[in-house]
Amino acid sequence: NIPVVCVCGKKNSVDHTLICKNGGYLIFRHNKIRDTNAAFLREVCHDVRTEPELIPIDSSQTVQGNTEERARLDISARGLWGPFQKTMFDVRIFHPNADTYKDRDIKSVYTQHENIMKRDYEQRVIQVEKCSFTPLVYSTSGGMAPQAQR
């Protein structure tokens with residue numbers, strides 16, 4: 001029972017709904033996965049927070065990746081990888097049936113997304129936040145990347 005035409009003007013389908021940036025479904029899906037991960041982390045960790053703001057970078061620090069002043073990740077938690085050790089997580093969900101990935105091996109797509117997230121955040125999290133970073137990459141088909149399976 002979905003509309004024939006999407007709000008973006010293209011023909012609507014389940015596949016289209018999973019990739020269209022209009023209508024809010026992508027944000028809803030992302031936030032639901034983020035909140036589910038945070039709920040699981042609360043069962044085993046301390047000080048679990050969603051959307052923690054990163055410490056601002058000052059001009060003397062050289063950090064590659066995301067250097068935005070009000071940058072934030074999806075989750076932070078203490079005690080997962082070590083007692084009192086803080087870990088920051090970022091969630092990403094992709095649709096493996098999207099044209100971009102149709103002819104690619106699913107493992108290579110997971111690896112690509114993990115590497116992009118590491119490039120964007122890992123150095124800043126380690127050097128400025130003084131904690132570890134774990135990317136959480138999921139697909140709409142129900143799979144997850146190696147880091148999310150740990």
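Reader: Happy to start! What should I know about the model and its numbering?

Author: Residues are numbered from 1 along each chain as its sequence is written, and side-chain values use heavy atoms, with hydrogens and water left out. The model is predicted, so local features need pLDDT of at least 70 and side-chain atom pairs count only at pLDDT 80 or more, while totals for chains, interfaces and linings use all residues.

Reader: Which residues stand opposite each other?

Author: Arg 49 stands opposite Ser 76 in S2, and Ile 75 stands opposite Phe 89 in S3. As a general idea, side chains in a regular strand alternate between the two faces of the sheet.

Reader: Now to charges. How many salt bridges does the structure hold?

Author: A salt bridge is a side-chain nitrogen of Lys or Arg within 4 Å of a carboxyl oxygen of Asp or Glu. The structure holds eight of them. One of them joins the side chains of Glu 51 and Arg 34, at 2.7 Å from N to O. Glu 51 lies in the loop between strand S1 (46-50) and S2, and Arg 34 in helix H2 (residues 25-44), so this pair ties together parts that are 17 residues apart in sequence. A network of salt bridges links Arg 34, Asp 35 and Glu 51.

Reader: Is Arg 34 buried or exposed?

Author: The cut-offs are these: buried means under 20% relative accessible area, exposed over 50%, and partly exposed in between (1.4 Å probe, protein chains only). Arg 34 is buried, with a relative accessible area of 9%, whereas Glu 51 is partly exposed at 34%.

Reader: Which residue forms a salt bridge with Arg 78?

Author: That partner is Asp 47, the closest N and O atoms being 3.5 Å apart. The pair links distant parts of the chain, with Arg 78 in strand S2 and Asp 47 in strand S1, 31 residues apart. The side chains of Asp 47 and Arg 49 also meet in a salt bridge (2.9 Å, N to O). Arg 78 counts as partly exposed at 31% relative accessibility, as does Asp 47 at 36% and Arg 49 at 48%.

Reader: Let's move to helix H1. Which residues is His 16 in contact with?

Author: Contact means heavy atoms within 4.5 Å. Leaving aside neighbours within four places in sequence, His 16 is in contact with Cys 6, Cys 8, Lys 10 and Lys 11. His 16 sits in helix H1 (residues 14-19) and is buried, with a relative accessible area of 11%. Between the C-alpha atoms of His 16 and Cys 6 there are 8.3 Å, and the two are ten residues apart in sequence.

Reader: Finally, where is Trp 81 found?

Author: Trp 81 is in the loop between strand S2 (75-78) and strand S3 (86-94). Trp 81 is partly exposed, with a relative accessible area of 33%.

Conventions: Helix = DSSP H or I, 4+ residues; strand = E, 2+ residues; numbered from the N terminus. Pairing = 2+ DSSP bridges.
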